[in-house]
Amino acid sequence: MAEHKVFSACPHDCPDTCAMITTVRDGKAIDVRGNPDHPFTRGGLCVKVNDYQNRVYSPDRVLYPLKRIGRKGTGEFQRVSWDAALGEIKTRWRDIIDRHGPTAILPYSYLGTEGLLNGLNTGDAFFNKLGAVVSERTFCDSAAISAFFMSCGPTAAVDPESFVHSKYIILWAINTISNNLHHWPFIAEAQARGAKVVVVDPVSTRTAKKADWHVRIRPGTDAALALGMMNVIIAEGLVDRDYVEKYTVGYEDLKARAAQFPPDKVAALTSVAAEDVRKLAREFATAQPSVIRMGVAIERHAGGGNTVRALSCLPALVGSWRHCGGGILHMPIWAFPVNWDAMSRPDWIRPGTPVINQWRLGPALTGELPLKTAIQSLFVFNSNPMVVAAEQEKIERGLAREDLFTVVSEQFLTDTALYGDIVGQPEKADIAIIRLNTPWVPVETDIPLAKMFHHGDLDFKGKTKDSILQLLGKVPTIVDIYLDRPAVIPEISAKATGLLGDFGASDAAVLDVIFGKSKPEGHLPFELPASMDAVRRQKEDVPYDSKDPLYKFGFGLSY
């Protein structure tokens, strides 16, 4: 029996991007394991992925296009051809555009599949060219990202691997062992060398049980604790004044604000004893290099952005940034700049195009938002809004509208897919997902392909860009769809002409972006919010303004 191994990477939304090795026998995946030779993920896979072949071959997979034949939500479908499915979409959308305009179409996607080519921003260029509503994505980390950049600038911050050099580690609002498991070995190594590990969390998590000190905090009061620490650091003369004077702004304002949070007041707010507030502040200031690993949970409340800003001030106040292993880590993806504009094409967004925040999907579908044009069609991919979005009863009511044409690209019949008029995912499309990741994988040593097992045999390890381009010609990718290559996906492209169109991209151009050879002109790949007015424009009824965009990077908005 012919057997070989394929290198790949986990496609799920997670900080780790685990490197995987799939064993393929006679054209079928029989086993999935972590890659033990990967320098960061070191052979580990979480329980969601270590039997991924069972997901791929699940009898519940959606393998063919489905058309609704029953009442919405009942899951009554019949199989149709790709010609019929794409023809239906094309006909319905052209009719909607003719009668209502393209802003009657709402795309909805998030991070069901990661990767630069198949993930968050996959459909942006197409829907921007079409003239559809801009779908604002703020589910995860948008407030934290904005706050972090506004406080620290567009920096990658601390290298996760440098935690081995840290002497004092605060894991703030993150359960590292369960949710960022490959970072834990570096923390454990530092701990074995004598570093103190502190967990700030209301819950006694697995990580908290391994820590040297668990600081139990009242949920939502993290900013008060950070300000209390600053109060002590300033009052007791523990500020690195040289660093503050040379590399920071706003110290006097921060000092005045921190003065309003003495330890006794902080104790009443946070349920952390006043003496523990003092102890935490003193140890963080004096045990250098000290570092904070900040979790996504930190933003999950009103004022979460300002909480991130408060935490981000602490390392600068005590000069932690001077040292290897000192500072604060939010998301490491900023170490891998990407020209998001080349991927998403915000220049194709027409002036005045409405913006709808994905949290407001329910009110958007039920007509409760003040939109000039009611939503007549919804296209969902990489997301399951019936489960993940707020106001579920409104979403259900909106999806049940008989006049709403809903298309869902999905691997399984999810709660959202049950309401689709057309449901499907090209089987080949999730067989060859390029996982050119941003976080942990060094491009020069391992360019992973999320090889979905039984169609083709692609391995990018050690390949040049030219050889990768040759491989890409053998399987369908998002580039193929953009370029409308009938020779590659004949069953799809036959009806895609004119609907998908030629976006002027090329395989080489896309890879140049990923490999960092295509640089944006005149600005960084990502920028701070252009103005506070731009930050305040997070309303569903405010049109897109190309002169004052909210974000220029891939998270947050689709422009």
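**Entry 1: the hairpin of β2 and β3**

I began at the hairpin of β2 and β3, where two residues lie between the strands and Asp26 takes a positive phi near 50 degrees. I note at the outset that the model is a predicted one. Asp26 belongs to the loop between β2 and β3. Most residues other than glycine have a negative phi.

Strand β2 covers residues 19-25, and its pairing with β3 is antiparallel over six bridges. I wrote down two positions along this pairing. Val24 stands opposite Ala29 in β3, and Met20 stands opposite Gly34 in β3.

**Entry 2: the sheet around the hairpin**

Which order do the strands of this open sheet have? I found three strands in the order β1-β2-β3, paired antiparallel. The edges are β1 (3-9) and β3 (28-34); each has a single partner strand, so one side of each has no neighbour in the sheet. From one strand to the next, the twist averages 25 degrees.

**Entry 3: a sheet of five strands**

I next looked up an open sheet of five strands. Its order is β10-β9-β8-β11-β12, and the pairing is parallel. At the edges I found β10 (213-215) and β12 (327-329), each with a single partner strand, so one side of each is left without a neighbour in the sheet. The twist here averages 20 degrees from one strand to the next.

Strand β9, residues 196-200, pairs with β10 in the parallel sense over three bridges. Val200 has Val215 in β10 as its bridge partner. As a reminder to myself, strands of a sheet pair through backbone hydrogen bonds, either parallel or antiparallel.

Two packed helices are described by the angle between their axes and the distance between the axes. I looked up both values for two partners of α8.

The first entry is for helix α11, residues 263-270. Its axis and that of α8 come within 9 Å and cross at roughly 165 degrees. An angle over 145 degrees counts as roughly antiparallel, and α8 and α11 are therefore roughly antiparallel to each other. The crossing of α8 past α11 is left-handed.

The next entry is for α13. The axes of α8 and α13 are 8 Å apart, and the helices pack at an angle of about 25 degrees. An angle under 35 degrees counts as roughly parallel, and α8 and α13 are therefore roughly parallel to each other. α8 passes α13 in a left-handed crossing as well.

**Entry 4: the second largest pocket**

What is the volume of the second largest pocket? I noted about 640 Å³. Its lining is made up of 26 residues, and those nearest its centre are Ser151, Val249, Leu254, Arg309 and Cys313. The elements that give two or more residues to this lining are α4 (142-152), α8 (222-235), α9 (241-247), α10 (251-258) and α13 (304-318). α8 and α13, the pair noted above as roughly parallel, are thus both among these elements.

Which element gives the most to the lining of the second largest pocket? It is α13, with eight residues. I also noted how the lining divides: 16 residues are nonpolar, eight are polar and two are charged.

**Entry 5: two further backbone details**

Gln288 and Pro289 are joined by a cis peptide bond, with omega at about 0 degrees. Pro289 sits in the loop between α12 (274-286) and β11 (290-294). Most peptide bonds are trans.

Glu391 is not a glycine, yet its phi is positive, at about 55 degrees. I placed Glu391 in the loop between α16 (385-388) and α17 (392-399).

Conventions. Residues numbered from 1 in each chain as written. Predicted model: local features only at pLDDT ≥ 70, side-chain atom pairs only at ≥ 80, totals over all residues. Heavy atoms only, no water. 1 Å grid on protein atoms, 1.4 Å probe; cavity = no way out; pocket = protein on both sides within 12 Å on 5 of 7 lines; lining within 4 Å. Points joined across faces, edges and corners; volume = space filled by probe spheres on them. Helix = DSSP H or I, 4+ residues; strand = E, 2+ residues; numbered from the N terminus. Nonpolar A, V, L, I, M, F, W, Y, C, P; charged D, E, K, R; others polar. Pairing = 2+ DSSP bridges. Axes fitted to C-alpha atoms, helices over the stretch in contact; angles between N-to-C directions. Parallel < 35°, antiparallel > 145°, perpendicular 65-115°, else oblique. Left-handed = near helix turned anticlockwise from the far one by under 90°.
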